[in-house]
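Here are my notes for you as you look through this one.

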Amino acid sequence: MISRTMGMAWAAPGAALAAALALSACSNGGGNASRDQIRAVGSSTVYPFTTAVTEQFARRQTQFKAPIVESTGTGAGMKLFCAGVGARFPDIENASRAIKKSEMDDCTKNGVRDIVEIQIGIDGIVMAESLRGEAMRLTPADVYRALAADPYGKPQTAKLWRDVNPALPAIPIVVYGPPPTSGTRDAFAELILQKGCDANPAMDALKKADAKRHTAICTKVREDGAYVESGENDNLIVQKLSANPDAVGVFGYSFLEENADRVRGIPMNGIVPTYETIADYSYPGSRPLYIYVKGQHLNVVPGLRELVAEYANDWGRGGYLARRGLIVAPADVSERNRQIALNFTPLDPATVK
Amino acid sequence: MSTIAPVMQPTPKPQQARVPTDWTTTSMQGRIRRRYRAERRFRLLGAGAVLLSTAFLIFLLVSMLGQGLRGFTQTELRLPMDFPAARLALDQAALAGPNARAALAAVDLEAATAQAADRAYGAGAYRLLSDGAWLSVRSAIQADPHILTRRIDIWVPTSTAIDLAAKGDADADAEAGYRLLDARKAVRTSFSTAFLTGSDSTDPTLVGIWGALKGSLLTMFVTLVLAFPVGVLSALYLEEYAARNRWTDLIEVSINNLAAVPSIIFGLLGLAVFLNFLDFPRSAPIVGGLTLALMTMPVIVIAGRNAIKSVPPSIRDAALGIGASKVQVVFHHVLPLALPGILTGTIIGMARALGETAPLLMIGMRAFIASPPGGLADPATVLPVQIFLWSDEVSRGFVEKTSAAIIVLLVFLLAMNGIAIYLRNRFERRW
C-alpha cells in the first residue's frame with residue numbers, strides 16, 4: 001500500500017521533469033540562432049492597427065508564421081528596438097511619435113542601422129466628456145492653465161474650470177488621462193499643453209533663454225489629484241466619464257468614435273474633433289503615427305517585407321484600418337510613405353531631431 | 001529582600017453550609033439574559049459574515065455568468081455561395097494535390113464572399129459580415145472541394161454590430177438591420193466551439209481562448225515539475241535531516257520572507273536572469289514557468305514542513321525500532337502520511353501562480369499572438385493576461401468575450417482544485 005502511493009507520488013513528476021529539461025535545452029539552442037516569426041513592440045495606440053495587419057497577413061499568406069505584437073508603450077519599445085541586431089531584438093517598433101535624437105543615437109551605438117520610418121496615418125488626441133456633461137469648449141491655453149504643475153512659472157491654484165477662464169462652468173477640474181510612460185501623454189504634452197503654454201509671450205522668450213526650464217514649465221502636469229493617471233486602459237477612462245458627468249478624459253480618437261453613444265469630444269479652439277478636422281490637422285490634437293522597421297532584419301526574418309507591403313496596401317480610405325479608427329494621411333504623404341514601404345528607403349539619422 | 005514578612009497563620013473559619021444559588025432574583029435573571037444576548041449576538045455576527053462573503057461570491061458569479069455566457073455564442077449569417085457563377089480560378093484537382101494551400105491562397109476569396117453577400121442581401125451587405133467571414137468559406141472548400149461545382153449555403157460569422165444586436169445590446173441601426181435579417185430567417189445565434197478552439201484576434205467575432213489556455217497549461221506544467229519536487233525535497237531535508245543551528249534558522253526565515261515577496265519582484269528577477277543573462281526566448285512559457293516556480297516554491301516548502309511536522313513521532317520511532325533506515329522511514333511512512341497536507345499547499349501555490357499577471361508582463365507574455373503555442377519555447381500568453389489584454393480592446397464586442405474568458409479561468413481553477421481535493425481524500429489517513 002505504502003510503496004504504491006509513493007510510486008504514484010514520484011514517478012509522474014520525475015518523468016515530467018526530465019521531459020521539461022530536455023525541452024528547455026533544445027529550445028534554448030533554437031532560440032538564439034534565428035527566428036521565423038516577426039516581432040513588433042511599442043505604442044499602445046498603434047497596437048490595434050499593427051495587430052489587425054499582422055492578423056490579416058497571417059491569414060492571407062499562410063506560408064509565414066503569425067507575427068507577435070507586444071504593447072509596451074513607445075518609449076519602452078524604442079529601448080528594446082534599439083538594443084541591438086539579432087533574433088533577440090524586435091523587427092518593428094510601433095510609435096505614436098517620431099523617433100527622438102537620443103533614441104537614434106542609442107540605436108547607432110548598438111549597431112542598429114538602416115531604420116525605415118513609415119508614417120501609417122494620423123491619430124487624434126481628443127478631450128471628451130460624458131453626453132450628460134456641461135458641453136464645455138476649451139482652448140489649449142485653458143487646458144494648460146488647468147493642468148500644469150506651475151502655470152507660467154507660478155504656483156497652481158485653480159480648483160474649478162471657472163478659475164481658469166470665467167467663461168467656463170464652475171465645476172471641479174477632474175481630468176482622466178494617460179501616465180507619463182505613454183506616447184499619448186507625450187503627444188498630449190506636445191500638442192495641447194505646449195501650445196497653450198507658448199500662447200504666453202513671456203514663455204516664448206524663456207524658450208530662447210532657458211530651453212530646459214521652458215520644457216519643465218510647459219509640460220509638467222499637476223500632481224495634486226486634479227489630473228488622474230488612468231493607466232494605458234482607455235476603456236477605463238470612458239467608463240469613468242460615463243459615471244461622472246463633470247469629468248474630462250484624454251484619449252485617442254478611435255475610442256471617441258467607438259463610444260459615441262456615451263461620450264462626446266470637447267471642441268478645442270472651437271474645432272470639434274471629427275475625422276475630417278483631424279485628417280487636415282486643423283484640430284490641434286492631431287499627430288502622425290509611425291512604424292519603424294529594422295533594415296538589417298529585412299533579409300533574415302521571413303515575411304518582414306511582405307508584412308510591410310501589406311500595411312501599405314491597407315492604410316487607404318475604406319480599408320480595414322480606417323474602419324478600426326485609423327485616420328488616413330493626406331494623399332501625397334500616403335503615397336510618399338507607400339514608396340518608402342515598398343523600397344525600404346532608410347531614414348537618414350542626420351535628419352532626426 | 002531585606003525584611004521577611006511574618007507568615008500569616010490562616011485563622012480557622014467556622015464551616016458554613018453553602019447556600020444554593022437563587023435563580024429567581026432580578027440581578028441573577030439580568031445576568032442570565034445578558035449571557036443569552038451575547039450568545040445570540042455572536043451567532044448573528046458569524047452568520048452575517050458568512051452571508052456577506054456568500055453575497056460577494058454570488059454577485060461575482062451572477063455578473064460573470066450573465067455577461068460571459070453570451071460570449072460563448074456566435075451569431076451567424078446564411079450566405080448563399082454560387083461557386084460556378086463566381087468563376088473562381090480553382091479546380092478540384094488542384095485542391096486534391098499537394099499544393100492545395102497555395103492554390104487557395106492565390107484566389108481572392110475575400111472579394112468572392114463580399115460579392116455573394118451583396119448579391120443576397122443588397123449592396124453594402126458585406127458590412128454585415130465579420131472581417132473573417134471568408135475564412136469560413138475557405139475551410140468549407142478545404143473540407144469538401146466538391147462544393148465548388150454547385151450552389152451552397154454557408155453559415156459565416158456576422159459583424160460585431162449584428163452579433164451585439166442579436167444579443168440585444170446595440171444601437172438602433174444595428175437592431176433594425178438584425179430584425180430585417182431575422183425576418184428572412186437568415187441569421188442564427190448558437191453555441192460556438194470557435195471560442196474554445198481559436199486564438200487571439202483583433203476581431204471579437206473571431207477570437208478564441210485556446211491559445212491562452214494552452215499557454216497557461218504549458219506554464220503551469222513547467223511550474224509544477226520544478227516547484228513541487230524542489231519544494232517537497234527542501235521541506236523533507238529541513239524537517240528530517242537538517243541539524244538545528246543558526247544556518248537552518250537563517251534559511252527558514254529566508255524562505256518565509258520569500259513567500260511574502262510581491263510577485264512583480266519575481267518578474268524583474270526573471271527578466272534579469274532568464275532573459276538578459278541566460279538568453280532564453282522572450283514571451284515563452286518555459287520562462288514564465290521558471291519565474292512562477294520561484295514564486296510557488298516557498299509556499300510548498302512552508303506547507304510541506306507543517307504537514308511533515310504533524311506526522312506523529314511515534315510512527316517514526318516504531319519504524320526505526322523495527323530496523324528501518326532513515327530513508328525508508330521518510331519515504332515509506334512520513335511522506336505518504338504528509339502528502340495530503342503537501343498537496344493542499346501545492347494547490348494554493350499553483351492557484352496563485354495561475355492567476356498571476358504582474359511577473360509575466362515583465363517577461364513579455366503579454367503579446368498579441370494569433371496562433372496557439374506549439375511548445376515550451378514558443379511565444380505564448382496566459383489566461384489572466386489575455387483577460388487583461390481584452391479588457392483594453394477598443395471594440396465593444398470584447399466585453400462579453402472578456403467575461404467568457406474569466407469563466408474559462410474559473411473553470412480551470414475549479415478543475416485544478418477538484419483534482420487536488422480528490423488526491424487529498426484518497427491519501428488522507430486519520431489516527
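Predicted model: local features only at pLDDT ≥ 70, side-chain atom pairs only at ≥ 80, totals over all residues.

1. Let me begin with strand 4 and strand 9 of chain A, which run antiparallel to each other and are joined by nine bridges.

2. A handy pair to pick out is A:Ile92 with A:Val293, the latter being its bridge partner in strand 9 of chain A.

3. How many of the nine residues of strand 9 of chain A are buried? The count is eight, so this strand, spanning residues 286–294, is largely enclosed by the rest of the structure. The cut-off behind that count is 20 or more other C-beta atoms within 10 Å of the residue's own. For chain A as a whole, 43% of its 353 residues count as buried.

4. Stepping back, chain A has 15 helices and nine strands. Among its contacts with a separation of 6 or more, 75% are between residues 24 or more positions apart.

5. Now for the domains. In the assignment for chain A, domain 1 is made of two segments, 31–123 and 288–351, while domain 2 covers 124–286. Their C-alpha centres are 29 Å apart. Where the two touch, domain 1 of chain A contributes 16 residues and domain 2 of chain A contributes 17.

6. Which elements give two or more residues to the side of domain 1 of chain A that touches domain 2 of chain A? They are helix 3 (74–81) and strand 4 (115–130) of chain A. Helix 3 of chain A has the largest share, with three residues. By residue class, this side of domain 1 of chain A divides into eight polar, five nonpolar and three charged residues.

7. Finally, a word on confidence. The model has an ipTM of 0.72 and a pTM of 0.74. For chain B, the average pLDDT is 84, and 94% of the residues score at least 70.

Notes
Residues numbered from 1 in each chain as written. Chains lettered and ligands numbered in written order. Helix = DSSP H or I, 4+ residues; strand = E, 2+ residues; numbered from the N terminus. Buried ≥ 20, exposed ≤ 12 C-beta atoms within 10 Å, placed from the backbone. Contact = placed C-beta atoms within 7 Å. Domains from an automatic or database assignment. Nonpolar A, V, L, I, M, F, W, Y, C, P; charged D, E, K, R; others polar. pLDDT = per-residue confidence, 0-100. Pairing = 2+ DSSP bridges.
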